[in-house]
Amino acid sequence: MGELAADKHVKYILAVEKRKDNFESAVLEHLRMNGAYWGLTTLDLLGKLDAVDSNEIIEWILKCQHESGGFAGNVGHDPHILYTLSAIQVLALFDKLNVLDVDKVSTYIAGLQNEDGSFSGDIWGEVDTRFSYIAICGLSILKCLDKINVERAVNYIISCRNVDGGFGCTPGGESHAGQIFCCVAALAITGALHYVDKDLLGWWLCERQVKSGGLNGRPEKLPDVCYSWWVLSSLTMIDRVHWISKEKLIKFILNCQDTENGGISDRPDDAVDIFHTYFGVAGLSLLEYPGVKAVDPAYALPVDVVDRIFFSK
Amino acid sequence: MDKELGLLDKLQAMDARNFHAWNYRRFVAALMKRSDEDELEHTENMIDKNLSNYSAWHNRSVLLSNLMKKAAPGFTNKEEVLTREYELVCEALFTDEDDQSGWFYHLWLLDQTVRSDFPLLVSSWPVEGSDIFLPAADCLDGCASMNVFHYSSRNFPLVLYFNQSVGGVNSSTVSVSCGFNLNADLIWKPLSSNDSQCAKVWATRLAIPDAELHSSEPYQVEVKVGYSLGIVSTTGVAYSHPSQTSFQLHLQKPPLESGHESRLGKIQWKDDCFADYESGSAEPDLVNLLLDNLTIKNEVGPTASTWQARIIDYETNIFRDLLDCKIGMLTVARLLTAYDLLRPLDKPVHCEEVLELYSELMKLDPTHYRYYKDNHSLVLLQQVTSSKESLLSHCFHYRDSTLSTSGGPLCLRLNNLAISQLGSFGKLLWVQVLDLSNNGLQSIEGLEALQRLSQLCLRNNKFRSFTALESLRYLKSLKVLDISQNEIGSHSIDTTRYLFRSPLSHSMGSCDGNINDLSSKAYWEAFFVLKDMGLTQLDMAGNAIASGSFNVFLEKLLPTLKWLDGVQVN
């Protein structure tokens, strides 16, 4: 077990960033924008954001912008709210939000809000509370939250609240840690956490920690490193993170590392990927692991990046 | 459409937990206009096939809630419905004690059993029958007696403590009448850190406008709550149980010398500064009056003689057979607590057993140690505040050499109790001086109800950030604060960052949220908490944030400060 192999993970991320012609990058081509966010935020949390050429990345990001104002997962792909948030987040990391036509992007996002307050992912209409979070998070970073009907957005999220204190993807949907993160974070950003029963949800969330020390996403499911983020950030935002065993979770995450080639996987001894590498490191950040910068549980960006957005002129 | 259901049955047979399948089923059922009753039966079929199906239990909770809400035939008798559901879910809990599938459903049933739909006033301040003296003749705010209350200025707080969050509390729905012309336009404020205009606790300040007004006879003040419509719970239920309290207001001649506060020396929280509370022969009656009248007598809501109590009793007996495992112990602890909750006017009888159960759980399931510890603390405080004897054992007089009077202010000392969470605030509305030192607290959420609080000690706890001290923003009378020996500044992660009113959670107006200078930005959490406070004494030593530059920032922010970390401020 032992320690966080930070240098190995940095090398792994930089290698993935460079490789554009292998099988893995081909099948993941459509979500490269998400991958950029996962990889670059991890680098920043490990203090190594300067290892990449920010100008090159920013150039590529802007090439992914569609005439509608939204961003696609890669050049030539279709825009979607998912990639739009990742684009905004990466620009925030580089403190280059000023390259954006803020009005254009925010209009695209705001245009995806429906009558009932929910948000669609793109013009094809899928509704999910994930998109509510994305819209609120993205517009908040751009200081344009007033472009949407916040009250209706919050009401829609509340309509997805279940009797176990958790939240689903749509009204009536089963509680799932991923959806819970999205809803709790959206409520946190909009000053609406009083709609969350902290003790009730806190117990549901803390019972995600299984015997191995890892966290699962809902009852009677297997633990997965990515829940170290979804569950942990939710617990952090409602001040109940002390209800799990931090030591056991740290051990679990560290066991999911590939200490030879770098990267973190969903479970010990499985293949690594950028997604789980980010959530493992972000989870360690929330657990105050030494050598990892503090991450903001609602924006999923380093705290200094968020503070820079809200507390400087 | 039946084909779709057939397809869903196939999918659910292969993967009963697939939430896409359940979502699609909901979509198809709505299109087919299938009844909630039929869909409820489907969940029962799924549960029969496999009790370990959280998705089925979840969907059952949605359908059942709907059926009960619209009072569908067969679902109007809550006792019948819940009894049947308890039977169903207990099978799941007993079949595999480690399987969580039924745990949360059972907890929901318990909540449905105990919860009172009606918003009710639980306690209020001033207490029925008490005497308020304005201003104090001499000595500090507060006095030796538990039932006679002195205030140094010409105003004092009125507090209403409800059983749930309500809105619509204002001078129309709450009337305060007095012998003379009081300004009836009292502004009631919800003590909550959000913009919802709803809160469990509401407060206002009653001020005597005419500085010269005094009388040898006391004035009778009547506070009537809810005699006009308008108070509504956040779940939409109208307040319909009006209540009335009255107390005596004594307006004394203002003292010739003003600024008695300048006689207040540095407050020390040492053991030898506190003398046992001596109850003279007259006192027990007054103390009883305080404790009896603090809790409003409501004749509505579940009580010990109703179907709710029958169910709780029945379930408790069943779960006593499961006391060798975690869910059994936890459920019995919850049931016993629920039983005491049904009898708010009686002394709780199960505290000892519940405390033991949580202690056992801390050992059995160390992963969730702090969950059990927090619950243990809540029950411990219930126990402490539940009887005259136990409360008095925690009451002391503060002894100060500068005071000429023998009895100093009354202090409640809840220190050294290893408590990690606070509760029972409805029982503590009278507290002015509170010692919570040497505990394991990391939050004071709920403390805003104690509107009389003027001196507070939180030394040697586990406070990690100023954002955890949000409640202090509502304590307008607070003068003395000791938060030394905590962990403020030692943690990179702030767990109360979004439970705090700040620009980050879009819960401040653009004016309030403005910070202009650099040091205020660097210490923005402290800035927002302390900026409007009139503290005279502050102790911060033993926190990583404490430093020379932080002290400079504090002295600038708090012009009323006389003592900082025990040293006189220039």
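Okay, so between chain B and chain A we count six salt bridges, where a salt bridge is a side-chain nitrogen of Lys or Arg within 4 Å of a carboxyl oxygen of Asp or Glu. One bridge to look at pairs B:R497 with A:D307, and there the closest N and O atoms are 3.1 Å apart.

Quick housekeeping before I go on. This is a predicted model, where local features need pLDDT of at least 70, side-chain atom pairs count only at pLDDT 80 or more, and totals for chains, interfaces and linings use all residues. Residues are numbered from 1 along each chain as its sequence is written, chains are lettered from A and ligands numbered from 1 in the order in which they are written, and side-chain values use heavy atoms, leaving out hydrogens and water.

Back to the interface. Polar contacts come to 33 residue pairs across chain B and chain A, both residues at pLDDT 80 or more. By polar contact I mean a pair of N or O atoms within 3.5 Å; within protein, one must be able to donate a hydrogen and the other to accept it, and residues adjacent in sequence count only if both atoms are side-chain atoms.

Which helices of chain B supply at least two residues each to the side that touches chain A? Those are α2 (19–31), α4 (54–69), α6 (103–114), α9 (326–341), α11 (369–384) and α14 (524–530); helices here are DSSP runs of H or I, at least four residues, strands are E runs of at least two, and both are numbered from the N terminus. α4(B) gives the most, with seven residues. By class, that side of chain B has 18 nonpolar, 23 polar and 14 charged residues. For those classes, Ala, Val, Leu, Ile, Met, Phe, Trp, Tyr, Cys and Pro are nonpolar, Asp, Glu, Lys and Arg are charged, and the others, Gly among them, are polar.

In total, 55 residues from chain B and 59 residues from chain A take part in the contact, meaning heavy atoms within 4.5 Å. The area buried between the two chains is about 4700 Å², with carbon and sulfur atoms giving 56%; that is accessible area (1.4 Å probe) lost on putting the two parts together, summed over both. B:T367, B:I493 and B:Y498 supply 14% of what chain B buries against chain A, more than any other three residues.

Zooming out, the structure holds 38 salt bridges over all chains. Take A:D95 with A:R308, closest N and O atoms 3.7 Å apart. A:D95 sits in the loop between α5 (81–93) and α6 (102–110) of chain A and A:R308 in helix α14 (residues 303–311), so the pair ties together parts that are 213 residues apart in sequence.

B:W125 and B:P126 are joined by a cis peptide bond, omega about -5°, and B:P126 is in the loop between β1 (121–125) and β2 (131–134) of chain B. Two residues other than glycine have positive phi: A:K143, near 60°, and B:A418, near 55°. A:K143 is in the loop between α7 (129–141) and α8 (150–159) of chain A, while B:A418 is in the loop between β13 (410–413) and β14 (433–435) of chain B.
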